[in-house]
Amino acid sequence: MTPSMVILLTGVLCAVACSLLGTFLILRRMAMMTDAISHAILPGLVAGYVIAGGSNLLVGAAGAAGAAMLTVTLVEALRRTGRLDGGASIGIVFPAMFALGTVLVTRYFAGVHLDTDAILYGNIEFAFFERLYLGGHDLGPQSLWVMGGLVAGNLTFLLLFFKELKLTSFDAGLAAAMGFSPLVLHYTLMLVLSFTTVGAFTAVGAILVVALVIVAAATAYLLTERLIAMVAGSAAIGAGSAISGYWLAIRIDGSVAGAIVTMTGVCFGLALLFSPSSGLVSRARQHRQNRRRFTLDLLIAHLGSRERSGQPGSGATAAQLGAALRWPASQVRSTVARGIAEGMLTQAERGVRLSPTGRAAVDGMRRT
Amino acid sequence: MTATLAPTPTAPLAAAVSRPDERAAAVAVRGLTVAYRDTPVLWNIDLDIPAGTLTAIIGPNGAGKSTLLKALLGLVPVAAGTAEILGGSLAARRRRIGYVPQRGSVDWQFPTNALDVVTMGTYGRLGWIRRPGRAERARARQSLEQVGLADFADRQISQLSGGQQQRVFLARALAQDADLYIMDEPFAGVDAQTERAIIDLLQTLRNQGKTVVCVHHDLETAPAYFDWLVLLNVRAIAAGPFASTFTADHLRATYGGALTLLRHRVGSGALS
């Protein structure tokens, strides 16, 4: 496998692992927990480094997961005081954890070269060179094992507990009444998110991992009305962003992680504009169509009531219509033109009157 | 909740709590006290709701009506006291309780359709990990039919009207196949026609021998709808058969200062 294939595959697996979880974080309105966890794992990583006496994947991951769970517990405890909402609780806990990590790093590892760029932006570009060795055998790039494991683990988690996650996300009260503890599921989801964050963080860094978890899922949220489709769509958008992001990074010779996250943002922007159900464009079009429809309906209804009040056939001039409906002349002109084009109106001796089609439409309106 | 809370309930009020009916109790509460921080929301409640009744829990805002339901379901921490459900502990009876929370307690933008929400009613019976299959979906469809929403199975829930959303919740409770139904304001924000359909359904359940307990707000409609009454204002003011419990004295004891409102309601013939 070539180095570039390793980078591409690492990116795809990482994006899929992250975005699989995003759906439930968004629906539970706890998207920013990802940000909290990705920063709060720093003291855990340092503790792992101290305990293992050096860089060790498993010990580091365990330390980071421990720090993440501590963060989750503290946030939950603060929220439960009833004085702080979720956002404020997160805002208090994660900088404190990150600060603790920073202090630990400067106190104990002042001499060690610590690559802050790697922490902030990841080092997916070196994915090929970080190999996993077991008993002296080279098993290939470590990132593929880690990200592949995360995808498999997260998929298993979702498949096993899809029903429980759905129920606790939609209606925690009913879930609890049925005996599915929302708290147990909350902590399990947070644990899975912690491992995912720890794994993804080595590839794309502490800041960009949030985007991988949240943005693809938010994009899918705009495009579908089914939960299962949102989860699948989120993973697909994540994978697509990774592939197109890698291509973009090669084209512009820039950061791979940055380009991948940029592409998730592009996907979100496109969905926001062009989603058939909730996109800004389709909404604007719908709005305009409705307005046109209603003005024409209003016009023919007005002509209908004129006819009924004993002015049949003679027609109404633009000036009469404008005065009666209190419309500007331009609106009368364009609406009349549309009415003629749609066969609702015909020319009369003076102005316009209803065509047989238009009269039928008015009668239809009167019946409903 | 402006009443001062002496540690012991005053004698006349305690005496007003009715003796248990000879029928088996669907809900038996003893000395139940629930507090948020240092404020008791429910104080020393003793209560029996006989099986096979259609019961209204009535009281002013902040009386602890929803909290009482949540305490029965184990959703809020209980400071003191016990609640027995259908003659056993809550843990043993969970599967036999159907729950209709307040409609506003969930996010109706959630990406799902009516049938899927109703299918959630079958989750309790399935237990952990097992997924709903054909039988569960069939049960859900049947429940949707019972509430007159068969044609709305595939409708995204945000596109349902308030009354339809309320009926979806009701159908979900039906899919729980329960013996005791606990409902938090099932008539809130629905039109008269939907209200009629809902009460017909609840009365059908009662006639099948089920027990239905509702938080209810409308003193005008209550006498026509319910056959058992619990008047609550932090304490259990009175409980018993509807007609004999729905008295001006009890209502005054329950609503305290809101007497002008009461006089209007009593004057309009709400009281039998």
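Which residues in α8(A) meet which residues in α10(A)? I find A203(A), V204(A), L208(A), A211(A), L212(A), V215(A), A218(A), T219(A), L222(A) and L223(A) on the α8(A) side. Among their partners in α10(A) are A257(A), G258(A), I260(A), V261(A), T264(A) and F268(A). Contact here means heavy atoms within 4.5 Å.

Housekeeping: this is a predicted model, where local features need pLDDT of at least 70, side-chain atom pairs count only at pLDDT 80 or more, and totals for chains, interfaces and linings use all residues. Residues are numbered from 1 along each chain as its sequence is written, chains are lettered from A and ligands numbered from 1 in the order in which they are written, and side-chain values use heavy atoms, with hydrogens and water left out.

**Helices.** Helices are DSSP runs of H or I with at least four residues, strands are E runs of at least two, and both are numbered from the N terminus. I looked up the axes of α8(A) and α10 (residues 256–274) of chain A: they come within 9 Å and cross at roughly 20°. That makes the two helices, α8(A) and α10(A), roughly parallel. The axes are lines fitted to C-alpha atoms, for helices over the stretch in contact, with angles from 0 to 180 degrees between N-to-C directions.

Next I checked α6 (residues 142–170) against α8 (residues 182–223), both of chain A; their axes come within 11 Å and cross at roughly 160°. So α6(A) and α8(A) are roughly antiparallel. (Under 35 degrees counts as roughly parallel, over 145 as roughly antiparallel, 65 to 115 as roughly perpendicular, the rest as oblique.) The contact includes F157(A) of α6(A) and F195(A) of α8(A).

**Rings.** F157(A) turns up again in one aromatic cluster with F161(A), F180(A) and W128(B). My search of the whole structure gives 11 aromatic pairs over all chains. One of them, F242(B) with F246(B), is tilted, at 5.0 Å centre to centre and 40° between the planes. (Rings of Phe, Tyr and Trp, its six-membered ring, pair if their centres lie within 6.5 Å; planes under 30 degrees apart are stacked, over 60 edge-to-face, the rest tilted.)

**Positive phi.** R326(A) is not a glycine, yet has a positive phi of about 60°. I place R326(A) in the loop between α12 (318–325) and α13 (329–341) of chain A. E185(B), also other than glycine, has a positive phi near 50°, and lies in the loop between β6 (180–184) and α8 (192–207) of chain B.
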